[in-house]
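Student: I would like to go through this structure with you in some detail. Could we take it one region at a time?

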Amino acid sequence: MDEQVLRAMARWPNVPAVYGWLRLGRRGQWFLIDRNSPGFDERIHGEGSPIGNVQINEFIARNYQAESDGRWYWQNGPQRVYVDLQAAPLVVRVLGTAQRPGLVDHTGVEIDIAAIDAAGIGPDGELLLATGRGGAVVHDLDLGSLLIEAGDDGAAGTLVLGERRITLAEWADPAARLGFVAKPRPAG
């Protein structure tokens with residue numbers, strides 16, 4: 001976490017958290033949901049507008065974390081901004097080749113292939129991973145860079161990551177399987 005964020009948290013310890021204002025899309029893009037804009041309609045504007053500023057995206061990435069209950073947030077100075085997740089808390093890009101893959105999440109952190117506990121296919125056909133850092137979805141444009149062997153007798157198949165072979169399961173509820181909250185909201 002940035003030093004300036006830690007100082008702000010110490011100086012203003014009781015700033016209320018916000019919910020439903022920031023969304024992470026399935027391709028690792030951050031979206032701002034401007035609920036205070038005139039004429040805001042959840043059905044029309046609820047997906048938000050992409051945040052295109054590189055410095056803001058990098059600031060969010062450096063200060064993006066999870067609570068033990070699976071709610072992911074961005075620590076924006078003294079204020080905790082809980083994130084709505086379209087697919088998973090982490091979006092993984094594939095580097096290298098199918099035989100020698102490297103994985104990095106949307107915040108720039110390298111994913112340790114040896115720490116991937118499980119992999120599954122979600123209800124929308126997305127490839128999901130249980131990583132040492134948290135639940136992840138593989139960026140859909142990178143699926144062709146991975147080796148996935150077909151399964152037998154209706155099995156989902158096997159994901160091959162270098163020397164690792166991970167049997168794929170079908171996950172109807174990725175949030176429950178991977179331990180994250182897709183839409184955090186205040187209790188009560």
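Student: Which residue in strand 15 does Val160 stand opposite?
Tutor: In this predicted model, Val160 stands opposite Arg165 of strand 15. Strand 15 covers residues 164–170 and pairs with strand 14 in the antiparallel sense, over 4 bridges.

Student: How many residues lie between the strands in the hairpin of strand 14 and strand 15?
Tutor: There are 2 residues between the strands, and Gly162 takes a positive phi near 65° in that hairpin.

Student: Which residues of strand 14 are buried on each side?
Tutor: Thr158 and Val160 are buried on one side, and Leu159 and Leu161 are buried on the other. Both faces of strand 14 (residues 158–161) are therefore covered.

Student: What is the order of strands in the sheet?
Tutor: The sheet is open and has 9 strands, in the order 9-8-7-12-11-10-15-14-13, with mixed pairing.

Student: Where does the parallel part come in?
Tutor: Strand 7 (residues 90–96) and strand 12 (residues 135–138) run parallel and are joined by 3 bridges. Within this pair, Val92 has Val138 as its bridge partner.

Student: Changing topic: which residues touch the most other members of the largest nonpolar core?
Tutor: Leu22, Trp30, Tyr64, Leu103, Leu129 and Leu159 do, in a core of 41 residues. As background, nonpolar side chains tend to be buried together in soluble globular proteins.

Student: What does Leu129 touch, beyond residues up to four places away in sequence?
Tutor: Its contacts include Leu103 and Leu159, both of which are also listed among the core residues that touch the most other members.

Student: Now the charged residues. Is Glu67 buried or exposed?
Tutor: Glu67 is buried, because its relative accessible area is 18% and the limit is under 20%. Glu67 is placed in the loop between strand 4 and strand 5.

Student: What does the side chain of Glu67 pair with?
Tutor: The side chains of Glu67 and Arg80 are joined by a polar contact of 2.6 Å. Apart from neighbours within four places in sequence, Glu67 is in contact with Tyr73, Arg80 and Tyr82. Glu67 also lies 9.3 Å from Phe180, C-alpha to C-alpha, although the two are 113 residues apart in sequence.

Student: What about Glu126: which side chain of opposite charge is nearest?
Tutor: The nearest is Arg26, at 4.1 Å. Glu126 is buried but has no salt bridge, because that would require a distance within 4 Å.

Student: What does the side chain of Glu126 reach instead?
Tutor: The side chain reaches the backbone nitrogen of Asp124 at 2.8 Å. Glu126 is found in the loop between strand 10 (118–121) and strand 11 (127–130). Among the residues in contact with Glu126, neighbours within four places in sequence aside, are Arg26, Ile121 and Pro174.

Student: Last topic: which residues of helix 3 are buried?
Tutor: In helix 3 (residues 54–62), the buried residues are Asn57, Phe59, Ile60 and Ala61. Their cover includes helix 1 (3–11) and strand 1 (18–24). At the start of the helix, a side-chain oxygen of Asn53 comes to within 2.9 Å of the backbone nitrogen of Gln55.

Conventions. Residues numbered from 1 in each chain as written. Predicted model: local features only at pLDDT ≥ 70, side-chain atom pairs only at ≥ 80, totals over all residues. Heavy atoms only, no water. Pairing = 2+ DSSP bridges. Buried < 20%, exposed > 50% of the residue type's maximum accessible area, 1.4 Å probe, protein only. Contact = heavy atoms within 4.5 Å. Polar contact = N/O pair within 3.5 Å; in protein donor to acceptor, adjacent residues only side chain to side chain. Lys, Arg positive; Asp, Glu negative; His and termini not counted. Core = buried A, V, L, I, M, F, W, Y, C linked by side-chain atoms within 4.5 Å.
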